[in-house]
Amino acid sequence: MKKINRPYIILSAAMTIDGKIATKEGDSELSDKVDWKDVHNLRTQVDAIMVGKNTILKDNPKLHIKYYNHNGYYRIVLDSNLTIPLESNVITFRPEIYPTIICTTENVPLNKQSNYEDRGVRIIKAGGGKRVDLIKLLPILKSTGINSILLEGGGNLNWSFIQNNLVDDIRLTIAPWIVGGKDATSLVEGIGFDEIKSAPRYDLFDVKIRTYYITLSYKKRK
Ligand SMILES: NC(=O)c1ccc[n+]([C@@H]2O[C@H](COP(=O)([O-])OP(=O)(O)OC[C@H]3O[C@@H](n4cnc5c(N)ncnc54)[C@H](OP(=O)(O)O)[C@@H]3O)[C@@H](O)[C@H]2O)c1
């Protein structure tokens with residue numbers, strides 16, 4: 001695989017014992033306060049937080065920081081056809097601290113783009129395919145000064161990064177539930193690899209065990 005000049009990528013998620021990051025109805029309330037504090041602490045250490053479009057549609061997150069003083073970072077959403085509502089929290093909530101970038105494709109018409117730009121959103125177009133082209137996008141983000149990204153899902157976006165071997169670190173909290181369901185979103189969705197030997201391998205470097213929850217930290221094996 002061709003090496004690209006790109007930001008450092010840390011994948012962060014809370015998942016159930018059976019590897020789901022949401023129920024089949026999209027309920028993803030897996031973290032407790034201690035876990036959220038840890039995630040927010042991690043957010044203070046990166047230049048941007050990135051999520052896929054469905055996470056915006058399902059959760060409408062603010063992607064902000066509670067618990068710590070911080071000067072902000074970019075919020076990045078991947079949305080190939082510019083469909084997230086203009087009223088989404090990621091657009092309306094404190095854009096002066098957390099400026100938002102929506103990454104989309106060349107297929108999006110200029111008039112649609114300007115609806116978002118009028119609200120202060122920056123649009124970056126990467127590729128003319130069905131979905132945002134990560135291999136084109138990441139060097140653009142790097143050239144705008146984004147050196148590290150906390151990838152906060154969901155499962156389909158996680159797969160695109162894993163498939164292209166673009167995840168450097170993983171921070172994974174295992175929450176004490178089993179939810180089942182073939183339509184419940186897994187940590188990593190997509191078509192998956194055929195063989196273990198083709199999949200990226202990670203080294204476990206930290207384990208935090210507390211009542212009910214475990215947090216695992218991994219680094220990609222070089
Ligand atoms: N527990 C947790 O830590 C956690 C964290 C985050 C999310 N979640 C849950 O995960 C669920 C959403 O996950 P999801 O897998 O359905 O969606 P997702 O990964 O949030 O978003 C996927 C969408 O992003 C867009 N996209 C654009 N470019 C892409 C690319 N290169 N690769 C992949 N996607 C791209 C695609 O829509 P277009 O083709 O229309 O652009 C795609 O359908 C929600 O229920 C949310 O609550 C849980």
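**Reading the fold and the ligand shell**

Me: How many helices and strands does the protein have?
Reply: The secondary structure of this predicted model comes to six helices and nine strands.

Me: What does the radius of gyration say about how compact the protein is?
Reply: The value is set against what the globule rule gives for the chain length. Here the radius of gyration is 17 Å, close to the 17 Å from the rule for 222 residues, so the protein is as compact as a globular protein of that length. Along the principal axes, its C-alpha atoms fill a box of roughly 50 × 40 × 35 Å.

Me: What share of the contacts with a separation of 6 or more joins residues 24 or more positions apart?
Reply: Such pairs account for 74% of those contacts in the protein. As for burial, 35% of the 222 residues are buried.

Me: Which residues come nearest to the ligand?
Reply: There are 30 residues around the ligand, and Gly52, Asn54, Ser80, Gly153 and Gly154 come nearest. By class, the shell holds ten nonpolar, 13 polar and seven charged residues.

Me: Which element gives the most to that shell?
Reply: That is α2, with five residues. β1 (8–15), β2 (48–52), α2 (53–59) and α6 (155–163) each supply at least two.

Me: Is Ile191 buried or exposed?
Reply: Ile191 has 7, so it counts as exposed. Ile191 sits in the loop between β7 (169–174) and β8 (202–209). Its C-alpha atom is separated by 10.0 Å from that of Ser160, 31 residues apart along the chain.

Key: Residues numbered from 1 in each chain as written. Predicted model: local features only at pLDDT ≥ 70, side-chain atom pairs only at ≥ 80, totals over all residues. Near = placed C-beta within 6 Å. Helix = DSSP H or I, 4+ residues; strand = E, 2+ residues; numbered from the N terminus. Nonpolar A, V, L, I, M, F, W, Y, C, P; charged D, E, K, R; others polar. Buried ≥ 20, exposed ≤ 12 C-beta atoms within 10 Å, placed from the backbone. Rg over C-alpha atoms; globule rule 2.2 N^0.38 Å. Contact = placed C-beta atoms within 7 Å.
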